[in-house]
Amino acid sequence: MLTLILLLLAVAGLLIVMRREAGALPALGVTGLLGLVGLATGATVIGVLLLVATAAIAACGLPALRRRWLTPKLFAMFKRVAPKVSATERTALEAGSVAWDGELFTGRPDWQRLLDYRDDGLSDSERAFLDHQCGVAAGMCNDWDIARERADLPQELWDYLKRERFFGMIIPQEYGGLGFSAKAQSMVLQKLSVNETLMVTVGVPNSLGPGELLLKYGTEEQKNHYLPRLADGREIPCFGLTGPRAGSDATSLPDVGTVVRREIDGETVLGLELTFEKRWITLAPIASVVGLAFRLFDPDHLLGEEEDRGITLALVPRDTEGMQIGRRHHPIGSPFLNGPIKGENVFVPLSTIIGGEAMIGQGWRMLVECLSVGRCITLPSGATGTARYALGWSGGFARIRRQFNVPVAEMEGVQEPLARMAALGYIAQAAVYQTANTIDHGEKPAVPSAILKSQLTEFQRVILADAMDIHGGKAVTLGPRNYLGIGYSANPVAITVEGANIMTRNLMIFGQGAIRCHPYVLEELAAKDADDVKAFDTAFFGHAGLILGNAARALTQGLGIGQPDSPFDDVAAPYAKEIARLSAGFSLTADAAMASLGSKLKQREMLSARLGDVLSNLYLASLMLKQWHEGEKVEQEDALLHYAARFLLGRTEQAFDELFDNLPNRALGRMLRIVVMPRGRRWARPTDDLTRTIAQAVTRDSVLRQRLLTNTWDADDGPQDNPLARYNALLATQERAEALYRTVGKAHAKGEIPAEALHPEQQVDAALAAGLISEDDATFMRQREAEVLDMLTVDDFDYDAFVTDKSKVLRHHPA
């Protein structure tokens, strides 16, 4: 009995030491003291074993001892198995900053660090622009007109965008731009995403491209010339990075520049001779200034001894001799301006290099650093805005569309996708807003940019598919009345560009995060490169302490012991504690995968993807809790939080399950499952009650629906029809209409009005004649049914309307 007590005390004591990562001395105290107690009380076996453990801890845990025998051996082994980090990979790893994503890698996230990113909201000028200018721009758009009839934005819209400086949101006011915050940029793009072409046209110049590159790296002369012209639309920029053989692997681009001397107007000019072929370049067909990425060579040593000068960026005017530009690609579903750029032996002076000669060879670093911010904003904001509109349209349609004498919003088969759409949109709104808020605090979130881009565009894919299913025939019939179908067909563009989601999920999120965000891995690799044994010892054994600490935290918290504190209210606190528990499991599992697979983990992309899924879901859930914590809650929002949190935590556990099942070391997988999930999976799918509650709210004029649709174009104030405004108007009178539907429906069923009155309008007239409803009610219902029918109506066209070559029309019935 005494032996068991001493053993339990030793285990409990060591778990406490490990959880706190207190180091070797407290552990020595636990095992040494209990070992002596065992010897003194006659429990000799356990006493001896504890003293042996004490000696082992001392030999491995005390720096003065281990550095004499253990550290050199571990260092030699580490140098053999550690993955090699290329120069381009190191540039990517060193770009950006680490914030909350790093906390999740520690296994003991400090929630206060996340809450310290205070949200000051939008400025008065930003709010005014969002409310007015964005509404005016959105009101000029009709999907069919833009996509099928003109394949471009209307001229008056282009003029308005330039005049109101939409293209200068990121450019400071001193250069004539708007100088907006990242949050404001995001909200603008969300509102403009009512039309895909409009959002892309405004988003790209304010993302990765000449404007941002000039701001951060341009010479003063370049800034003073270009930034005012970019801000007011006198210059339309594009940026040429990708090409036929360089897509996701942009570092392999084959486009070259050669340093040469040319005689121009009797003067010898030092410059670059560029040969390039770029594809998929947004705004290229109309761009007046082209940013180019190329590999620079100096074979004649005109700049120095080095021949291969590395990836370099230049800004080339459209009218430069030899530039081939103006043709278009046809992006699926959306006619946003996109096309190829070519050039052979195009000569430009050295002054076109962005940043001048000092930035030669720095192109890859410049691109990665800019992408870490731009990728957090444009596509995630577009996806989030799309989610808002799709939910608004779908909720309105589901309520006014009646089948079997009830709104389809009352059918559980429709309620399920409606609730899913609301939850994914809720997560997306929180994630993109709170990440933009960290940017406004000076962060450059590299790993979160990959998370947001891949996760939120995948959410967009699900949301649009659900919206199409709910709308049915209304959405699959294209025409001016179809507000959904063109955006749905354009969704693959968001999935593919700015780092294809397959690559981002499988390679980037965990591949970059494991080194960039981990508290010790980067230090270990730096020690290896510097051949610094002492630095390696500090990093490696700190890392070992982290592993033991996370094992203890994951196991004890999984058993419900020693739950961490949370700054959140009673609704959110349980989810924060689960995030902390799963963070410990994630950090432990990540270390186990890296240790067991070493450099081979790069090739085991499915394992890396699942680790990335865990990190992504924990990140999204964390930001959602912050949004909940800081926002003013509305009625039924708690149901949405519960649904969304359970959804994300369930996905996290699913990723863990699949990871443990597929680790090559099966014993390691089984052991990790016991430690990380000692009570098995704890998060099932959201309940049907939550689904019904949310679906009812988003299909009525509720405060929750209003919250989710905040900052959309929902006013009937433009020359183009606004279906969201029309749905909102119908929902505002829904209660009155439903009472009358019930009155008329019951009367029809009882035979109180003629059986042949099959159309709603006929039933209303019959009910009025029978004295069942008032004249005022009848007028209301006639007007309402006319509006409902108009919203449900789809377009039809002349027989040969879609045939571009009329000579090929088949006249099946010539007469």
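Strands β2 and β3 form a hairpin with two residues between them, and Asp265 in the turn has a positive phi of about 55°. Strands here are DSSP runs of E of at least two residues, and helices are runs of H or I of at least four, numbered from the N terminus. The model is predicted, so local features need pLDDT of at least 70 and side-chain atom pairs pLDDT 80 or more, while totals for chains, interfaces and linings use all residues. Residues are numbered from 1 along each chain as its sequence is written, and side-chain values use heavy atoms, with hydrogens and water left out.

Strand β2 (residues 256–264) runs antiparallel to β3 (residues 267–282), joined by nine bridges; two strands pair if DSSP finds at least two bridges between them. Arg261 has Leu270 in β3 as its bridge partner. Strand β3 also pairs with β7 (residues 338–349), in the antiparallel sense, over nine bridges.

Attention now turns to the second largest pocket. A pocket is an open set of points, on a 1 Å grid over the protein atoms alone with a 1.4 Å probe, that has protein on both sides within 12 Å along at least five of seven lines; lining residues have an atom within 4 Å of a point. This pocket holds about 670 Å³ of space, the volume being that filled by probe spheres set on the points. Its lining comprises 31 residues, of which Arg420, Phe647, Gly650, Arg651 and Arg685 lie nearest the centre. Among the elements that give two or more residues are α17 (412–440) and α26 (637–662). Helix α26 supplies the largest share, eight residues.
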